[in-house]
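Have a look at the fold first, then read on.

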Amino acid sequence: HSIARLHLWGAVLTSQLYSNVVKSINIKAETTFWTDSIIAFHWLQSSPQRWKTFVANRVSSVQQSTLGCHWRHVAGVQNHADSISGECSVEELIGDSLWWQGPERTIQQEKIERMTGVKGRNVYNIFGIFGILNIYNNYKAERNG
């Protein structure tokens, strides 16, 4: 779990930075945090008492600092933060839609959550249903048009 713990430390640092910025500029906005670690994501979604002391203390800290915010998981290959963590020129970053708009699947997932009020794992099922309906509608349009 050492990689997952590093991701959890990243969540701790991110939540502390967020907390300090919110206090400094005195503004509240709907905020979503992303992690590409499924283990860290599950830690953050559950009660700190479930985990051993190291994880429990950090989960508790993150949950307190980001109360009212959303935590989401993104697949590693779609992690828009990875765009700048490696070697990336300014020109590449300017043209990188993943960096500016986020992964397409997560954009669609958020739209579905807002439309249906369903959050979490069930969104993937709804997303799949919408995807099938979209494919069917495109097929019908091509056939009729």
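A word on terms: axes here are lines fitted to C-alpha atoms, for helices over the stretch in contact, and angles run from 0 to 180 degrees between N-to-C directions. Helices (H or I, at least four residues) and strands (E, at least two) are DSSP runs, numbered from the N terminus. This is a predicted model, in which local features need pLDDT of at least 70 and side-chain atom pairs count only at pLDDT 80 or more, while totals for chains, interfaces and linings use all residues. Residues are numbered from 1 along each chain as its sequence is written, and side-chain values use heavy atoms, with hydrogens and water left out.

The chain has eight helices and two strands, running α-β-α-α-β-α-α-α-α-α along the sequence. Of its 145 residues, 30% are buried, where buried means under 20% relative accessible area, exposed over 50%, and partly exposed in between (1.4 Å probe, protein chains only). Take the contacts (heavy atoms within 4.5 Å) between residues at least 6 apart in sequence: 58% of them join residues at least 24 apart.

Let's start with H1, residues 2–25. Its 24 residues should span 34 Å at 1.5 Å a residue, and its end C-alpha atoms sit 35 Å apart, which agrees. The expected span is 1.5 Å times one less than the number of residues. H3 passes the same kind of check: 13 residues should span 18 Å, and its end C-alpha atoms are 18 Å apart. Just after H1, Asn26 takes a positive phi of about 50 degrees.

How do H1 and H3 (residues 53–65) pack? Their angle is about 30 degrees, with the axes 9 Å apart. That makes H1 roughly parallel to H3; the cut-offs are under 35 degrees for roughly parallel, over 145 for roughly antiparallel, 65 to 115 for roughly perpendicular, and oblique for the rest. H1 passes H3 in a left-handed crossing, meaning that the near helix is turned anticlockwise from the far one by less than a right angle (clockwise would be right-handed). On the H1 side the contact includes Leu8, Trp9, Val12 and Tyr18, and on the H3 side Phe54, Val55, Val59 and Val62 are among the residues involved.

H2 (38–45) is another partner of H1. The two pack at about 55 degrees, with axes 8 Å apart, which makes H1 oblique to H2. Here H1 passes H2 in a right-handed crossing. Ala4, Arg5, His7, Leu8 and Ala11 of H1 meet Ile39, Ala40, Trp43 and Leu44 of H2.

Here are the two contacts by residue class. Ala, Val, Leu, Ile, Met, Phe, Trp, Tyr, Cys and Pro count as nonpolar, Asp, Glu, Lys and Arg as charged, and the others, Gly among them, as polar.

| H1 with H3 | nine residues | three residues | two residues |

Which residues of H1 are buried? They are Ala4, Leu8, Ala11, Val12, Ser15, Tyr18, Ser19 and Val22, and they pack against strand E1 (32–35), H2, H3 and strand E2 (70–73). In H3, the buried residues are Val55, Ala56, Arg58, Val59 and Val62, with H1, H2 and E2 included in their cover.

Ser60 also lies in H3, but it is partly exposed, with a relative accessible area of 23%. Its C-alpha atom is 8.3 Å from that of Leu44, 16 residues away along the chain.
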